[in-house]
Each structure stands twice: as C-alpha cells, then as structure tokens.
Amino acid sequence: MKADRAGVLTGAHYLDGDFACGEGAMAAGCRFVAGYPITPSTEVVERIARRFPTMGGTFIQMEDELASMAAVVGASWTGTKSMTVTSGPGFSLMMENIGLGAMMETPCVVVDVQRGGPSTGLPTMVGQADMMQARWGSHGDYELIALCPQSPQEAFDLAIHAFNLSEIYRVPVLLMMDECVGHMTEKVVIPAAETIEIVPRKLTKKPVAEYLPYATNGNDVPEFARAGDGYRFHSTGLTHDERGYPMMSAECQNKCVRRLVDKIRGNADKIARFDEENTAGADVIVVAYGITARVARMGMDLAKKEGARVGFIRPIVVWPFPENKIRELAATAKAFVVPEINFGQIVLEVERCAAGRAATVSVPHAGGSVHEPADICNAILGAIK
Amino acid sequence: MSKTTERSQQESLPGMEHPVGPLLRMDRMPHIWCSTCGIGIVLKCYATALQEAEVDLDKTSIVSGIGCTGRVAGYMKLDGFHTTHGRAIPFATGLKLGRPELLVTVFSGDGDLTGIGGNHLIHAARRNMDLLVILVNNFIYGMTGGQNAPTTPVTAKSSTMPYGNFEPPFNIPHLVASCGASYVARWTCLHVRQLTKSMKEGVKRKGFRLIEVIAPCSTLYARLNKLGTGFDLMRFYHDNAEVRHDADTRDVGIKFQDSIICGKFVDEEKPTFLELMEAHYRKALGGRYVPMPAEGGMIREQD
C-alpha cells in the first residue's frame, strides 16, 4: 500500500542522516518509538519526539535500552509499527529483547548509529565495529536482516525498506548506520506519499477457533494476530509449538528454531541488495559499506589512475550476507579488498565465500575517523602484485 | 502430551467445569506449580476478579516475565505474553501505549519485578503508567532452586545464603508508593476474598496499580527454612497477618516469620501517564495534536 500522508514530509530537504532516518521511519508508518538517549543516535528520536504528536504517534523515553527494546516488541504486538534507536553501548543492552523479538517473530526496527568501541569507546566518533554483533549479538540461533546506508538520502530510503522487510519476514530489522552518515548533512528528497510503497501489518483473517499463532501452513512466516482482537493467543520466548505453547523437546526445538533460521536463509537472494560497479574483468574487487563505501570510491579512483582494474561491491543488505554474489565474483577476480572501520569483521564473510579462490585483503581501521583513501589505494595495488 | 489431552477432556465433562475454566488454557493443564504453592490461588483470584468486574476479555492482555509466577501468562486464556526476565513491565508499557484501549496486567514474581526488573518497576510507578501489576512475593527465586531474592527477609535461609540472609529486603508497597503508584495493596494468598476484591478494584482503576501477594513456596522457601509445607505457611498467615488499611507504608516491611501487614495502603485519583501526555500535548500543540487512536497506531489501507 501507499504511505500514510501524515508521516511523509514531502519535499527537498537539507538533513543529517539521523533526521533523515527519523523521517524515513515516520514515512514507513512507524507510530511507536521507545528510546534512551545516546550519542550519536539521539537526533533520530529528537526529530520523532517533535513530529509524532502531530501524526498519532507515541514516543516514550524509557529508563534504559533494555526497557526501550522490550517496549518496542510489546508495542508491535498491537500492530503499531515500532522502532528504537541507539548506539553501541545501548545496542549491547538491546540484545536480550532483540532475541525475544526474533523468537516471538515480532516485526520492528532497531537503528544502531555506530561509534567507536569497545565499551564507552568514542561516543562522538565513527566506528563500524558492531557488524558482527548485529549478526550474532543475542544468544542462540536466529537470523535477522541488517541494512547499511551510505548517505542521509539512503538513511531515509532504507528506514522505509527496513520496516517493509520486518513486516514481510516478521523479524527485527537492524539499520546499521555509522556516526559519519548519522551526522553528515546532505540533500534528502522525500517523495510524495502516493509514490512510497509500504508493507502494512497483515492481520490474519482466520476465525478465532482455527487460528494457531505459529502455524505457517507451508509459508515462511505465520499469520499475525494483534493483541485486543479476540484471538486470545499466547506468545513466549520459550521454544514453542504452533499453538505458541512452550514445548521442551529437541524435536520442537528443531522445528521452531530451524524455521527462524530458514525463513531468512531461504530468502537470502530475495532479500539481498547491493551496488555493483565494474566487476566484469576486474582484478580487484573492493567490498565496502556505510561511510567506508564512499571513502573506498576515492581510493579506487586513485588506484585506477595507477592502471588497476578495480570493481566494487557495496552490500546494502549486509545480513544475510550476499554470499552467492561474492562466490560468483571469486571465480573471476584475483582479490577482494575489504576496508571497514573495525579490525576485520565483514572481511571474514568475504573470505569465507571466496573460499580460497580469490585472495582476501583486510584494510582495518580502529575508528575515530574514516580511512585515508591512499591506504585503500595501496591495498588495491598491493593485492594485484 | 496424551496425558495432558486425557486430563483436559476429563475436566471438560458437563457439570465439572472449573468456575474460571473459560479463562484458563485447560489444554495446558496440569500446570508446573508444586503442591501447596500459592501462585494458583492468586491466578484463581485474578480470573474471578476479571469475571466479576465484567471486563472485555478480548481487550485484556496479560504479560509475565520469567520464573514460577512468570508462567501465569501462559495459563490464562487471554492475549498473553511470556517475555524476558525482568522486562514484563516495559513490554507491557509498549503494549498499552501501542493500543491504549487495552487493559494490561503484569503478573510476575518478586525476583523478576524487584530484582532484575527493579528499574522498570520504579519508573513505571513514577510515570503512573496505566498498568495493573500483580506481584507474587514468595521471598525466594523458586524456579532456579531457591536462591536469595531482594525480598528475602533477614535471617531467612536460601540456597545462596546458606547461613541466612543478611541483606535488607525491599519493602515493596513503600517502594512503589514513594515512586508515585496510584493504588497499592498487599494480601496473602489466604485472603482470597479481600485479594479478589482488591484485584477487582485494580482492574477498574487507572494508572499504576500494584498488588503484592504473599504466597508460600513450599518446595524451597519453606523447606530451606524448616517451615513445613505450604499449608503450614497458610496457617502462619492466618495467625500473623494483620489487616491495616491506609497503614503508613514505611511500617509495612516484612521480617522473618513476623507479622504481615495487609490491606489497601494507597488509593489515589491522579492523572495517569496517558492522561498527562494527552493533556500536555493538547495544551502545547492545540489543534495540531493528533493522539494515538484508542485502538492503536496501526496504519491501514486508505480508501
């Protein structure tokens, strides 16, 4: 369906990535946000707190990030699209109820504007070191979706996409921004509501007597009933059967958790989204995401001047990882070069998919600033030698 | 599984329905609680209160955390959520704010609500959040094997305080009353009629309402402290509970095997979180204010 006009601030704006992300969420139909202040993400909720009372939305500043994430999962069970926003230290606290969201199959969006870590780290400066936490941060097996914008415009666009994916697959979707994208100000074009495609919460039409909250009937995800519509269903963080009832057995565990994993893995190619440039005939392929993708382009330009044949992959959906794309490119390229503002996270995925058929070069950065383009250029040139 | 089915069929024989059967998930019986545990009594009182208060059960949600009492949400035939340890209150907060017309009850234990969830408890009370909280206090972590709780009385033994507890416990009514709760009561699970009446009031009131219910943990608290069975603890409540409505909450702390002050301590009309929010935005924004619809913020297909 098309976006609700009340949440769409149509026009050309000059916005930072945090504000743009907030606008994207409101355009997507988000009407409940719970959050706890943390740099460099706070501007997202500040924007929302100002605008929500004019569109029927409720923002609440909770006592901590544990509560924020729990409230978001709770609110989503009313059918109200829900989101929370944080940075590294808060993201760590949210892991508990991100797991609950995954287990209960609750659509919601979590924004992490990444700063330098570990611990309190660099509150006001950039990092990209939460990427593996996004994949593995909560205990147990589950699969989520994570997106990485490279600009304020994309923060807007991907906030909408994040909500849409969360509705389709009934999972928490993580919008993995970084401090640079969050705090840079650029032109952001918000289109007319009639041109924004959003996925509404789809409610079950089954009669109450026939409804089982976790029966999929051969589909990837079960049908949703919201609290207060008379279904009187049960949902739990325990391993559960199709009735939503706890069932402590290896057999039920296998059925319940396997489906949580398969609904994402089985649709990975459908969920995948990446930019691909000049990969045909390239000797070296740079893989970069978020702000580093933009710095990498500068490094690639320098390398091209030196005669290097360089291609580029920018994962926009980072989780599930675009495995098949990397496998395909590993057959033709000599090497992958992976700059990221961490000591090597996504490069591990690239290396796994390349499986020795192409070399993999990590270009790590501890955080606090972006890479020097020359360092990326040198890594590219070094990879060809 | 087959045993469960047999039993639920037996219990649905004509004329044999449990009085609150329609509010229970009979297909999940038998429950996990020990013999002479008090939680079942509290559950029965709550179900009776819902029936007598004639609330719209379709619009009633129940949220539990983790622990023995945490299982209540799974046994009631309501929209029920069994959440993470300590997070029932924030989960319920989201549920209530996401669809303000819902009656949302948090039903959980002392460890869950005052230990790991203590921060949420005081903030929900401070906000006068529209939640009814039923806190079953058995003075111990039962599910995990009898460890010390923030409610364990001084000198009482627990598996992690084998020589007796030396940490001062919370006085729960005083804690939430001082934070701003609008309704605070305490009963033991022997006080079935008073407790049910309190719950009926709680269902009808607005804002943050907390009812503490003292209940026996026969398997752990009673055994570790050589207090007999749950029946012996019920007798103890009978002999030692003192009803003192409007008691100063500073005076209702619980000592080991000492008197238990019961009654309604706080019953105040004051604006709730939702009322404060709505009144404030109306004043600040005038006609520009659009409150969340009572039935929630779900965006529907427009005509």
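How close do the axes of helix H3 of chain A and helix H4 of chain B come, and at what angle do they cross?

Guide: Bear in mind that this is a predicted model. The axes of H3 (residues 65–76) of chain A and H4 (residues 88–98) of chain B come within 6 Å, with a crossing angle of roughly 45°. With that angle, H3(A) and H4(B) are therefore oblique to each other, and the crossing of H3(A) past H4(B) is right-handed. On the H3(A) side, the residues making the contact are A:Ala67, A:Ala70, A:Ala71, A:Val72, A:Val73, A:Gly74 and A:Ala75. Facing them from H4(B) are B:Pro90, B:Phe91, B:Ala92, B:Thr93, B:Gly94, B:Leu95, B:Leu97 and B:Gly98. Sort that contact by class and you get 11 nonpolar residues, four polar ones and no charged ones.

Now step back to the whole interface. Here 47 residues of chain A are in contact with 42 residues of chain B. The elements of chain A that each put in at least two residues are strand E2 (30–35), strand E3 (58–61), H3, strand E4 (81–86), helix H4 (88–104) and strand E10 (234–236). Our helix H3(A) gives the most to this side, eight residues. By class, the chain A side holds 22 nonpolar, 17 polar and eight charged residues, whereas the H3(A)–H4(B) contact has no charged residues.

Strands link the two chains as well. E10(A) pairs with strand E2 (residues 79–82) of chain B in the parallel sense, over three bridges. In that pairing, A:Thr236 stands opposite B:His82 of E2(B).

For another helix pair, look inside chain B. Helix H2 (residues 39–53) and helix H8 (residues 192–204) of chain B have axes that come within 8 Å and cross at roughly 50°. H2(B) and H8(B) are therefore oblique to each other, and H2(B) passes H8(B) in a right-handed crossing. Among the residues in this contact are B:Ile41, B:Tyr46 and B:Glu52 of H2(B) along with B:Leu195, B:Met199 and B:Lys200 of H8(B). The class count for H2(B) with H8(B) is 10 nonpolar, two polar and three charged residues.

Back in chain A, there is a division into domain 1 (5–195) and domain 2 (275–384). Their C-alpha centres lie 27 Å apart, and the contact between them takes 22 residues from domain 1 and 22 residues from domain 2. On the domain 1 side, H5(A) gives the most, with four residues. That side has 15 nonpolar, four polar and three charged residues.

Finally, there is a sheet in chain A to look at. It is an open sheet of five strands in the order E11-E13-E12-E15-E16, with mixed pairing. Strands E11 (274–277) and E16 (359–364) are at the edges, each pairing on one side only. Neighbouring strands are turned by 20° against each other on average, direction ignored. Within the sheet, E12 (residues 284–287) and E15 (residues 335–340) run parallel and are joined by three bridges, with A:Val284 opposite A:Ala335. Helix H12 (residues 346–354) of chain A packs on the sheet, touching E12, E15 and E16, and its direction makes about 165° with that of E15(A). Helix H13 (residues 373–384) of chain A lies across E12, E13, E15 and E16, running at about 160° to E16(A).

Note on methods
Residues numbered from 1 in each chain as written. Chains lettered and ligands numbered in written order. Predicted model: local features only at pLDDT ≥ 70, side-chain atom pairs only at ≥ 80, totals over all residues. Domains from an automatic or database assignment. Contact = placed C-beta atoms within 7 Å. Nonpolar A, V, L, I, M, F, W, Y, C, P; charged D, E, K, R; others polar. Axes fitted to C-alpha atoms, helices over the stretch in contact; angles between N-to-C directions. Parallel < 35°, antiparallel > 145°, perpendicular 65-115°, else oblique. Left-handed = near helix turned anticlockwise from the far one by under 90°. Pairing = 2+ DSSP bridges.
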